[in-house]
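Open the model in your viewer and keep the selection panel at hand. The tour below goes stop by stop, saying what to select and what is found there.

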Amino acid sequence: MAEELRDLYEASYRRLVAQVGALTRDVPEAEDVVQDAFSRAVGRWNKISRYDDPERWVRTVAMNLARSRWRRARRGSQLTRTAAVTDLPPRQPSPDRVAVVAAMRKLPAAQRDAIALHHLADLPVDEVARQLGVPAGTVKARLSRGRAALAVALDDTQEANR
């Protein structure tokens with residue numbers, strides 16, 4: 001049991017964080033959510049391991065957890081999470097990363113999801129299509145439109161910084 005679950009974790013963690021990160025727009029939050037989903041999988045592994053696609057179960061749980069956290073935060077609830085180390089300076093992202101994240105936020109969700117899965121999670125177009133439940137041609141169109149929009153947004157950012 002432990003070996004199969006570890007293999008699933010190693011094979012899919014990065015991909016799942018990228019997908020959930022596209023939804024949450026917050027990588028640390030996405031990492032927490034994916035960890036929570038895998039924690040839930042441990043207790044149900046005997047059942048989940050018999051599924052055709054156990055990764056799909058973990059992804060569904062992670063996406064649902066992310067949506068639930070977002071709803072709680074939106075209602076004004078305080079998340080009970082606190083920083084473990086407070087004396088470290090905050091990590092500053094590079095200007096390029098800030099520009100890419102800002103440009104990604106401007107994309108429609110469908111394009112953002114396709115780009116995150118294909119470019120950040122390194123999934124092939126056919127797998128992105130399967131996970132999003134759309135034809136491969138739709139994924140290709142979303143990728144093309146999304147990359148074009150990112151290019152324009154990033155070019156505008158560079159010109160503004162000159």
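## Overall layout

Colour by secondary structure and start at the N terminus: from there, the elements of the protein run α-α-α-α-α-α-α-α. That gives eight helices and zero strands. The model is predicted, not experimental. Colour next by relative accessibility: of the 162 residues in the protein, 33% are buried.

## Stop 1

A search of the whole structure finds six salt bridges. Select Arg 15 and Glu 55 and show their side chains, which meet in a salt bridge of 2.8 Å, N to O. Arg 15 lies in helix α1 (residues 2-24) and Glu 55 in helix α4, so this pair ties together parts that are 40 residues apart in sequence. Are these two residues buried or exposed? Arg 15 and Glu 55 are both buried.

Arg 15, Glu 55 and Arg 59 are linked in a network of salt bridges. Arg 59 is in helix α4, and it counts as buried because its relative accessibility is 7%, where the cut-off for buried is under 20%. Keep Arg 59 and select Gln 19 as well: a polar contact of 2.6 Å joins the two side chains.

## Stop 1: Arg 69 and its two partners

Clear the selection and pick Arg 69 with Glu 29. Their side chains meet in a salt bridge of 3.1 Å, N to O. This pair links distant parts of the chain, with Arg 69 in helix α4 and Glu 29 in helix α2 (residues 27-43), 40 residues apart. Both Arg 69 and Glu 29 are buried.

Why does Arg 69 count as buried? Its relative accessibility is 15%. Asp 36, at 28% relative accessibility, counts as partly exposed.

## Stop 2

Gln 35 counts as partly exposed because its relative accessibility is 32%. Select Leu 16 too and draw a C-alpha to C-alpha distance: Gln 35 and Leu 16 are 9.9 Å apart in space and 19 residues apart in sequence.

## Stop 3: two charged patches

Switch to a surface display and select Glu 3, Glu 4, Asp 7 and Glu 10. Together these residues form a negative surface patch. Take Glu 10 as the example: Glu 10 is found in helix α1, and it is exposed, with a relative accessible area of 59%.

Then select Arg 40, Arg 44, Lys 47 and Arg 50, which form a positive surface patch. Where is Arg 50 placed? Arg 50 is in the loop between α3 (45-48) and α4 (54-74). Arg 50 counts as exposed, because its relative accessibility is 63% and the cut-off for exposed is over 50%.

## Stop 4: α6 and the residue after it

Move to helix α6 (residues 109-120). Which residues in this helix are buried? Gln 111, Arg 112, Ala 114, Ile 115, Ala 116 and Leu 117 are.

Finish at Asp 122, which follows α6 and has a positive phi, near 60 degrees. Asp 122 is in the loop between α6 and α7 (125-132). At 45% relative accessibility, Asp 122 counts as partly exposed.

How values were computed. Residues are numbered from 1 along each chain as its sequence is written. This is a predicted model: local features need pLDDT of at least 70, side-chain atom pairs count only at pLDDT 80 or more; totals for chains, interfaces and linings use all residues. Side-chain values use heavy atoms; hydrogens and water are left out. Patches are made of residues with over 30% relative accessible area and no salt bridge: like charges are joined within 9 Å, nonpolar side chains (Val, Leu, Ile, Met, Phe, Trp, Tyr) within 5 Å. Accessible areas come from the Shrake-Rupley method with a 1.4 Å probe; for residues, only the protein chains shown count as cover. A salt bridge is a side-chain nitrogen of Lys or Arg within 4 Å of a carboxyl oxygen of Asp or Glu. Lys and Arg count as positive and Asp and Glu as negative; His and the chain ends are not counted. The place of a charge is taken as NZ of Lys, CZ of Arg, CG of Asp or CD of Glu. Helices (H or I, at least four residues) and strands (E, at least two) are DSSP runs, numbered from the N terminus. Buried means under 20% relative accessible area, exposed over 50%, partly exposed in between (1.4 Å probe, protein chains only). A polar contact is a pair of N or O atoms within 3.5 Å; within protein, one must be able to donate a hydrogen and the other to accept it, and residues adjacent in sequence count only if both atoms are side-chain atoms.
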